[in-house]
Number of protein chains: 2
Amino acid sequence: MEAAVATVAFADRLAEAVARKRSQLVVGLDPRVELLPVELRGDGDADGCARFCRGIVDAVAPHAVAVKPQSAFFEALGADGTRAFEDVCDYARAAGLLVIADAKRGDIGSTARAYAAAFLEPRSGSGSLADALTVSPYLGRDSVDPFLQSCRLHGAGIFCLVKTSNPGSADVQDLALSDGRPLWQQVAELVREWGEDLVGENGLSAVGAVVGATHPRAVAQARKLMPQAVLLLPGVGAQGATPADLGPAFTSGPAGALVAVSRSVLYASRETGGDWRAAAGAEAARTAREVWSASGW
Amino acid sequence: MEAAVATVAFADRLAEAVARKRSQLVVGLDPRVELLPVELRGDGDADGCARFCRGIVDAVAPHAVAVKPQSAFFEALGADGTRAFEDVCDYARAAGLLVIADAKRGDIGSTARAYAAAFLEPRSGSGSLADALTVSPYLGRDSVDPFLQSCRLHGAGIFCLVKTSNPGSADVQDLALSDGRPLWQQVAELVREWGEDLVGENGLSAVGAVVGATHPRAVAQARKLMPQAVLLLPGVGAQGATPADLGPAFTSGPAGALVAVSRSVLYASRETGGDWRAAAGAEAARTAREVWSASGW
């Protein structure tokens, strides 16, 4: 067992950033090679993606509290993509942003330990890759324990999939249990349990939950079921949800929920024209203000 | 939309290999740096892991139909680990083994598309990384569709998590639905549906299922619920299950189930002494014979 490292809990670092920036915005970094600005094409896909993400980080850093790089788009580029992912995570942390690695990992305990080390624990010669990681609950408590250990020892955070933003989420997550509740509400109970001894000084836990902003009623119910969880809410923008529907998510405090947007910020210049960085920055600022206003803080 | 490539369906390639080798053995490649043979330490962790896995591939190729590299252990080594993962996959395919990438991916459709491309579709200048991929069902049908497209167009396969081998699998997978069945049985129904138009010439589908050999009753029930699915059965060996319990899994044919073992083969020389490759080969041969016998074919 490693010695505990003196570190600030993830939720407390997050709450500090939310208060300082007056923002609950998380910008998803989903670099799609075919959508990169023309000037970044032809550098090698991974290098172009890294340069794009660094430009977005620079543009959104004043307006967002975190970025959420999506591992899949980097993995699709092989080892160079992995290096680009590491580069982008390091660059974002240096820019004062929290990094939520969106990888949705979940495996049996001994394997989950390797994932926890990969994403959430100090690497040889440097800090951890990310501050927090999205995880899948399907394998149950022992598959989450290694991540909880990272939270406890290294001040990391996790966001567990509860009710996702996509239409197909109904197939499994909405199945009716014997007591009539949909499955996702029982997963929410598990998330609450997993996080209850990892609550920071501001009353929020290191164990958060992913709930699709595309399901506003579920967001309000999730808030009640997991009062100490930070809710990570994707689905605003390209997927159709609007910040105005999300007020109930913020009753646990200004950092009680984060709104994640990707395409509407990353590719803003495709709508507005002009410099892609400036367009992304302006859209991030606009969304952050809209969310802050909807949060009621 | 890409044109369909003339290729043999995954389940048909698998059935051919099973019949030719008289084996349903899959060797999991879980390279743990701290367990590597002394001679492979100090090369740089990723290089040592790659050399270890290549040695295991050589040793088990006559006895196993597939290897199952576990992505987590490679991801924990950063970009060098990704390169080692690619190297090991290519090496195993060149040795005539099928490759089942154990990465348990699952995300919304546009992201799942990137994962499908990363693991199951031809890369620029070379073939696909793997023949099949483990996937998580929690996000539902639209999260699986991109992988089904890889099956249809590129002859890939997937193994969907249904009832996993770990104790914590009960937390979510055994939740009682309104009709009294455990959740995993409904997931099994979904897997059957997802695979029903991807059935190969031998009657087995490209959409298989992961069911823990540690739950022999569930294995027998899963066989009935998904008669055309290839069942991937982990849990034999270090996790305590025995091949003798698994006979019912094989009623759909000799390739209807695969038994996945990792630690008992990889680290066999820690029990038996002697050369690590020879020990792994002997343990693989022994396990393959035991499984073949239990299968009744």
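This is a predicted model: local features need pLDDT of at least 70, side-chain atom pairs count only at pLDDT 80 or more; totals for chains, interfaces and linings use all residues.
**Notes on the pairing of chains A and B**

1. Residues are numbered from 1 along each chain as its sequence is written, chains are lettered from A in the order in which they are written, and side-chain values use heavy atoms, with hydrogens and water left out.

2. On to the interface. Chain B gives 55 residues to the contact and chain A gives 55 residues (contact means heavy atoms within 4.5 Å). Because 100% of the interface residues of chain B are also interface residues in chain A, the copies meet through the same surface.

3. Together the two chains bury about 4300 Å², with 58% of this on carbon and sulfur atoms (buried area is the accessible area, for a 1.4 Å probe, that two parts lose on being put together, summed over both). On the side of chain B, the residues that lose the most area to chain A are B:Tyr138, B:Leu139 and B:Val172, together 16% of what that side buries.

4. Six salt bridges cross the interface of chain B and chain A (a side-chain nitrogen of Lys or Arg within 4 Å of a carboxyl oxygen of Asp or Glu). A salt bridge joins the side chains of A:Arg83 and B:Asp80, at 3.4 Å from N to O.

5. Over all chains, the salt bridge count comes to 46. Within chain A, the side chains of A:Arg277 and A:Glu39 form a salt bridge at 3.6 Å, N to O. This pair links distant parts of the chain, 238 residues apart.

6. Finally, the aromatic rings: the whole structure holds ten aromatic pairs over all chains (rings of Phe, Tyr and Trp, the last by its six-membered ring, with centres within 6.5 Å; planes under 30 degrees apart count as stacked, over 60 as edge-to-face and the rest as tilted). The rings of B:Phe52 and B:Tyr267 have centres 5.7 Å apart and planes at 10°, so this pair is stacked.

Key
Helices (H or I, at least four residues) and strands (E, at least two) are DSSP runs, numbered from the N terminus.
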